[in-house]
Structure formats: structure tokens, C-alpha cells
Amino acid sequence: MKPWQMSFSIIILTALLLSSAVFSKGYVGIFVFSLIINGTMAVSYDIPGRSLGLISLGHAVFFGLGAYCFGISISKGLSFFPAVILSVILSFVGALLVTLLMAGLKHGYYSLATLGILIIFQKLFETLESITGGSAGLYIPETISKLHCNLLAAFLLLATAACHVLFSRSRWGLYSKETEASEEAAEAIGIPTRTVKILCLMTAAIPACMAGVLHLARNSHVSPVSGFSLTLSITALLASRVVPLRGILGPLIGALLITAAEEVIWTKFEGFNQAWFGLILLGAALYQGINFKRRKTISAAAENPLSR
Amino acid sequence: MIQVLISGLFLGGVYSLLAVGLSLAFGIMGVLNLAHGSMAVLAAILYKKTLVLYPFSPWTFCVLATPIFLGFGFLLHLIIVAPFRHLSLSAGVVASLIASLGVALILEDLFVWWQGWEPISTYITFPTFNLMGLKIPGLRAILLGMAAVTIGLSTLFLKKTDPGRSMRALAQDKEAASLYGINPVFTSMGALGLATILAGVAGIFYSSLYPLGPREGLDLTLKALFIVVAGGMGNLRGPAVAGLALGFIESFAGVLFTYTSTDTVVYSLLVVYLVLKRGGRQQ
């Protein structure tokens, strides 16, 4: 990441931290909170997305796990902090199991399996009505103030961004890039590719679980559809991809753009919000294809001046 | 028990049809088309709308709608395959997966806008006959036969005709096929057209047997993908057999568990199978 990108990222993070303290109530408070949660999801998604090139369609699984673990702990009579600690431990175990299952898969198979996992959790939590409240979901009382929720979310985003930077600069980050380039070659030079993948995926999973905890703490309700939401997974995917900048700046600006677009879509295009997401998704994929072709043409022309 | 088996056989026949189309698209173009199920839903809606004006039987409508679905296949090719043909295999699979997910999401909202939330059902009354004490619904038996004929015709098309041979050649080696004068763009367009026709036929048959929700496209695609992964990517016989197996599993799970649990069982099997087979390593 270039110095100007790092400076710009720090400015955005500071602005979000200050906004979370100033605007905690009303519409602006909800918008700032959504922005921070989307930012956390996008930055955490970007860790395996960029370094391992894995496209997950089920990142919301971790979000839902965190929210439900917290919700069940609160409904069993625990207070906020013990519930958070217990939900972190439970989500960690759950995320580890999911990650261990997924770590062996590649490319399209990984995307497919993550989508399958998301639907399994959605259906499973609908079925386990006595614990999860079924399709109506869980309602919990307010455990902390909205201001504290916003501040905790902002600190979570800061911690996630720090994890992203530290991971990409550590030897594990370099290992993961090598694994993405060629898994066989990486294994041949002694890189433990499976451990790299698990570490990378877990670094992404934990902030998503925590985002789920804070989402429930602020909104007091989670259902299988809102917790294990395909839209949320796509939001994270889009936010991390829509701005072609490396490091944390791309996902941060992406989250800003997507959250703003989300607000417009939900208010102006009722009934077509999923279609608009589809359109953005399609646009992002087509841009990737067109941009690749343009770069290939330019590099071919540079290699062979006579072809001009 | 035997009645559940028969029910599973009918459901499996429709799933096989759906999965064969998806397998064809993956085998020839390396495309995991998540909009495949949406094409089935589109066909069901078109059939339902047509039924109001003309009372066609499902099989007559399948024949009449073939050119329309071929056209949809060509259009889909322009959106989810053509822009990514310069990418590497893995990048192409992911890009087409994202693009086709975008198409599926757009179509789902359009379907709800077009025909509302109510499930699409195009059931027509047909006599039931007795076979050694077993009640066999006539419509289901005919549709199962039609599904088998459609899969058989697709296999013959791929094996015995020039366009079919071109598609198989393209699946084996794109560069070598091009050297022999096969146009990869037109051939893959034809393959996706054929896959979309199969999805359309599956959608029409499915809505004649069971109610189909306007947002069930992605669910159908995932089940078809499960069948394709289980039966083997790129061949037609494997998915046809795996489709029947899924029909049986779903029918038995439907008797043993609730509706939502049935889906949990099916998707859990998908993930377990993917993990055990380590599909990605063989790509």
C-alpha cells in the first residue's frame, strides 16, 4: 500500500470514529453504524479475497453465527460482556469448523460451497425453533446504549483494518500470495498451504462474527434471513471489489459507496433492491472482463511494436 | 415406501434434466451458471401465462418454446461467457459465477414484479392408472418418459451430429478445436443455448408437478450443481443418475423430516460431498 493510500485510509477511519461518537441516534446514527459494519465486513472479506483470490458467497455465515451466539447467551440471562466473550468463543469454534471444511477447496468450488453453507445455516436456524426462535428470529432487550454500540463498532473496524495491514505485511501474507499464485509451487518450497488458508480465513471470520454481535446489540433483532443473508455476503463482496485499490483503502471506499447505494436502492426502488445488487454485481464482473482484455491488448501491442 | 420411491423417481427425472444442462455448460465452457435455475423459472412463468390463452400440454409447449429458449441461451452467453473468454480458467469460472449470480438476482426481482409472490403451478388434470396395485399418476409418468427422451436426444445430438462433435472437441481442447476450424464462440453459444433449452424443459415439467416459487431459481441451481458435482462435471450420464438419486433422497427426507429440514439435509450433503471430493484440487 502506497503512503498516500495509507494516509487516506487513516483519515477515513478517524472520520468514522468521530462520526460514530457524534452521531449515535436517529437516521444518521443508523447510517453511520451500517457504514461501519459494512466496512468491517468488506475489510475482513478482503483478507482472503485479495491474498488467496477466494470469492466467498457465504461471508455472512460468520456474521450470523456471531449474532445468534450473542442472542442466545443474552436470552439465557447473561449480561453484555460475558455474553460477548462467550459468543466470541462459540463463534470462534463454529468459524474454525466451517473454515476447516472449506480450506481444501478452490476457485468456483469454494464459492459454491460457501453459498451452500450459508443456505444450510439459514435453514438450520429456521428449524431449531426452540433455541433460535425459528424464522421469526430472536428479540433481545437493549444491553448497551446506541452510542456505545457505535463506538465499539468503530473500534472493531479499526482493529480489522489493523489485522488486514499486519497480515498482508507478515510472512503469512506473503505465503498466502504465493499460495494464490500456485498452490503446488508453494507446497514444493515448503509453505504449509492448508495452515495459511485456515489462518487467513479465520482472520476474516472473527471480525465478521463480532460485527454480528454488535449488529444484534444495536438492533435487538436477528432472523435467519437477516443474519445469514446472501445480500450481506454480496455487499461485502461488492464493497471489497468495486474500487480497484489495494490494501484497506479499496474496501473502505467500496463500503462507503455501497452503503450509500444501498440506502438509495432501499428507499427509491422498493421491490427491486435485489435486482440493483445484481446489476452492480454484473457490472463489476463485466468491468473485470473488459479491463483484462484492454490490458492484454495494451501489453500485446507493447511486446510487438510492428503490430501497431 | 414404494409410493415414495415412485415420487422420488419423478422428481429425480426433472432434476436430472436440469443438471444435464448445467453439466453441459460447465463441460464445454467451464461456466458455473447460477442463472440456470432462473431460466427454468422463466420457462414455468411463460408456460403459465400461455396456458391462460392456449391450453397447450407441457410437451407441446416445450417444442414450441425451444427457439425462444435458444435465444435466451444466446443472450445469456453474451452476458456471462463472452466477456470472460480471455481470462484464465480459474478467473473465468469466478467471473462468470459472479456475473450469472447478478443475472439470477435481477431475474428473481423481475419474476416477482411480473407474476407476484404466488407459486407457479401449471398442473393439468390427467388420469391415474393402476399398475400391480400401485397408483401411477399419468402426467408424471409421461413427463418422466419425456425427460428421459430429452436427455437421450441431447446425448445423441452431442455424439452423432457435427455441431455436437464440435462442442465435445471444444470441451477437450479449445486451441486444437480452433485449429480444426471450429469457431469457439458460435459453438459455446450453441452449447449454452442447448443447456438453456434443457433448463426450460425442466422448469415446465417441474411446475406441472409441483408449485414453483418465483424466487426458487437459485435453489434449483444449487440442487442442480450438487447433482453435477456428485455425478461428475462435464459428462451427461453421471448427472442424470445423480439427479435420480437426489430425487429419492428428497422424497425420503420429506417423509422423515419437515420441509426446511429436507433442504438442510440436501445442502449438507452438497457441502460434505464437495469437501470429501475436494473438487477444487481436481480442477
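**A tour of chains B and A**

Start in chain B with helix α3(B), which bends by about 50° at B:Ala65 and has a proline, B:Pro67, following within four residues. The model on screen is a predicted one.

Keep that helix selected, residues 58–80 of chain B. Its 23 residues have end C-alpha atoms only 29 Å apart, short of the 33 Å that a straight helix would reach at 1.5 Å a residue. Now colour its buried residues: B:Pro58, B:Phe61, B:Cys62, B:Ala65, B:Phe69, B:Phe72, B:Gly73, B:Leu76, B:His77 and B:Ile80. B:Ala65, the site of the bend, is among these buried residues. Why look for a spacing of three or four along a helix? An α-helix has 3.6 residues a turn, so residues three or four places apart point the same way.

Next, select residues 217–231 of chain B, which form helix α9(B). How far does this helix reach from its first C-alpha to its last? It spans 21 Å with 15 residues, close to the 21 Å expected at 1.5 Å a residue. Helix α9(B) is mostly covered, with 14 of its 15 residues buried. Step past its end to B:Gly232, which follows the helix and has a positive phi, near 110°.

Traced along the sequence, the order is α-α-α-α-β-β-α-α-α-α-α-α-α-α. The C-alpha atoms occupy a box of roughly 60 × 45 × 40 Å along the principal axes. Take the contacts in chain B between residues at least 6 apart in sequence: 78% of them join residues at least 24 apart.

Switch to chain A, which has 14 helices and two strands. Its C-alpha atoms fill a box of roughly 75 × 40 × 35 Å along the principal axes. For 308 residues a compact globule would have a radius of gyration near 19 Å, and the 20 Å of chain A agrees with this. Buried residues account for 50% of the 308. Among contacts in chain A between residues at least 6 apart in sequence, 78% link residues at least 24 apart.

Colour chain A by domain: domain 1 covers 3–268 and domain 2 covers 273–308. Taken over C-alpha atoms, the centres of these two domains of chain A are 28 Å apart. Their contact takes seven residues from domain 1 and seven residues from domain 2. Which elements give two or more residues to the domain 1 side? They are α12 (230–241) and α13 (249–268) of chain A. Helix α12(A) gives the most to that side, with four residues. The residues on the domain 1 side divide into five nonpolar, one polar and one charged.

For the last stop, select A:Gln122 in helix α5 (residues 107–127) of chain A. Is this residue buried or exposed? A:Gln122 counts as buried because it has 26 C-beta neighbours inside 10 Å, where 20 or more is the cut-off. Leaving aside residues up to four places away in sequence, A:Gln122 touches A:Pro224, A:Val225 and A:Phe228. A:Pro224 lies 102 residues from A:Gln122 along the chain, yet their C-alpha atoms are separated by 5.0 Å.

How values were computed:
Residues are numbered from 1 along each chain as its sequence is written. Chains are lettered from A and ligands numbered from 1 in the order in which they are written. This is a predicted model: local features need pLDDT of at least 70, side-chain atom pairs count only at pLDDT 80 or more; totals for chains, interfaces and linings use all residues. Domain bounds come from an automatic or database domain assignment. Two residues are in contact if their C-beta atoms, placed from the backbone, lie within 7 Å. Ala, Val, Leu, Ile, Met, Phe, Trp, Tyr, Cys and Pro count as nonpolar, Asp, Glu, Lys and Arg as charged, and the others, Gly among them, as polar. A residue is buried if 20 or more other C-beta atoms lie within 10 Å of its own, exposed if 12 or fewer, and partly exposed in between; C-beta atoms are placed from the backbone. The expected span of a helix is 1.5 Å times one less than its number of residues. The bend at a residue is the angle between axes fitted to the seven residues ending there and the seven starting there. The radius of gyration is taken over C-alpha atoms; the globule rule is 2.2 Å times the number of residues to the power 0.38.
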